[in-house]
Amino acid sequence: MVEPGPARRGRFPGDPTRMRNQAALHTPKRWIWLGPGLLLAVAAMVAFAMSLRINLAIAWIGIAFAVASAIGLVVAAVTVQDDRTRNLAMAGLMAVLAAMSLLLLIAILWVAQLPGL
């Protein structure tokens with residue numbers, strides 16, 4: 001049976017187990033999101049560059065998207081002053097970069113498996 005009221009875990013505003021209260025979203029250090037985000041962008045660009053022979057169009061779209069996301073991460077790190085807003089924006093950009101890179105790489109692999117190509 002679930003305990004009623006705010007005594008349940010995760011119901012207090014300062015509860016460190018809640019996703020929105022993680023330290024990476026409140027820190028003033030820009031490199032916490034910038035470093036891994038740029039590393040992910042470089043890894044995606046390398047993966048797309050290696051798949052240029054398989055499907056030229058989707059690979060170039062992936063490279064352009066990874067470059068645009070990396071630029072977006074740097075711009076957000078430099079221009080947004082509020083720590084929480086900046087970190088949320090950078091986390092969102094990094095999540096979109098990861099999701100779109102995965103989808104485009106799956107599309108490249110799917111096209112490579114089509115018969116007659």
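Tutor: A residue counts as buried under 20% relative accessible area, as exposed over 50%, and as partly exposed in between. Keep in mind that this is a predicted model.

Student: Is glycine 35 buried, partly exposed or exposed?

Tutor: Its relative accessible area is 39%, so glycine 35 is partly exposed. Glycine 35 belongs to helix H1, residues 31-50. Its C-alpha atom is separated by 9.7 Å from that of leucine 73, which is 38 residues away along the chain.

Student: How are two packed helices described?

Tutor: By the angle between their axes and the distance between the axes. Here, the axes of H1 and helix H3 (residues 83-113) come within 10 Å, crossing at roughly 15°. Angles under 35 degrees count as roughly parallel, and H1 and H3 are therefore roughly parallel to each other. Their crossing is left-handed.

Student: What classes of residue make up the contact of H1 with H3?

Tutor: The residues that H1 brings to H3 include Trp33, Leu34, Leu40 and Phe48, and those that H3 brings include Met90, Met94, Leu97 and Ile108. By class, this contact has 16 nonpolar, three polar and no charged residues.

Student: At what angle do H2 and H3 pack?

Tutor: The angle is about 175°, and the axes of H2 and H3 are 10 Å apart. That makes H2 roughly antiparallel to H3. The residues in this contact divide into 18 nonpolar, three polar and one charged. Among them, Phe65, Gly72 and Leu73 of H2 and Arg86, Leu93 and Met100 of H3 take part.

Student: What span should H3 have, given its number of residues?

Tutor: At 1.5 Å a residue, the 31 residues of H3 should span 45 Å, and the end C-alpha atoms are 45 Å apart, which agrees. H2, with 24 residues, reaches 34 Å from its first C-alpha to its last, close to the 34 Å expected.

Student: Why do residues three or four places apart point the same way?

Tutor: An α-helix has 3.6 residues a turn, so residues with that spacing point the same way. In H3, the buried residues include Asn87, Met90, Ala91, Met94, Leu97, Ser101, Leu104 and Ile108.

Student: What covers the buried residues of H3?

Tutor: The cover includes H1 and helix H2 (56-79). In turn, the buried residues of H2 pack against H1 and H3. Those of H2 include Ile58, Gly62, Ala66, Ser69, Leu73 and Ala77.

Conventions: Residues are numbered from 1 along each chain as its sequence is written. This is a predicted model: local features need pLDDT of at least 70, side-chain atom pairs count only at pLDDT 80 or more; totals for chains, interfaces and linings use all residues. Side-chain values use heavy atoms; hydrogens and water are left out. Helices (H or I, at least four residues) and strands (E, at least two) are DSSP runs, numbered from the N terminus. Buried means under 20% relative accessible area, exposed over 50%, partly exposed in between (1.4 Å probe, protein chains only). Axes are lines fitted to C-alpha atoms, for helices over the stretch in contact, and angles run from 0 to 180 degrees between N-to-C directions. Angles under 35 degrees count as roughly parallel, over 145 as roughly antiparallel, 65 to 115 as roughly perpendicular and the rest as oblique. A crossing is left-handed if the near helix is turned anticlockwise from the far one by less than a right angle, and right-handed if clockwise. Contact means heavy atoms within 4.5 Å. Ala, Val, Leu, Ile, Met, Phe, Trp, Tyr, Cys and Pro count as nonpolar, Asp, Glu, Lys and Arg as charged, and the others, Gly among them, as polar. The expected span of a helix is 1.5 Å times one less than its number of residues.
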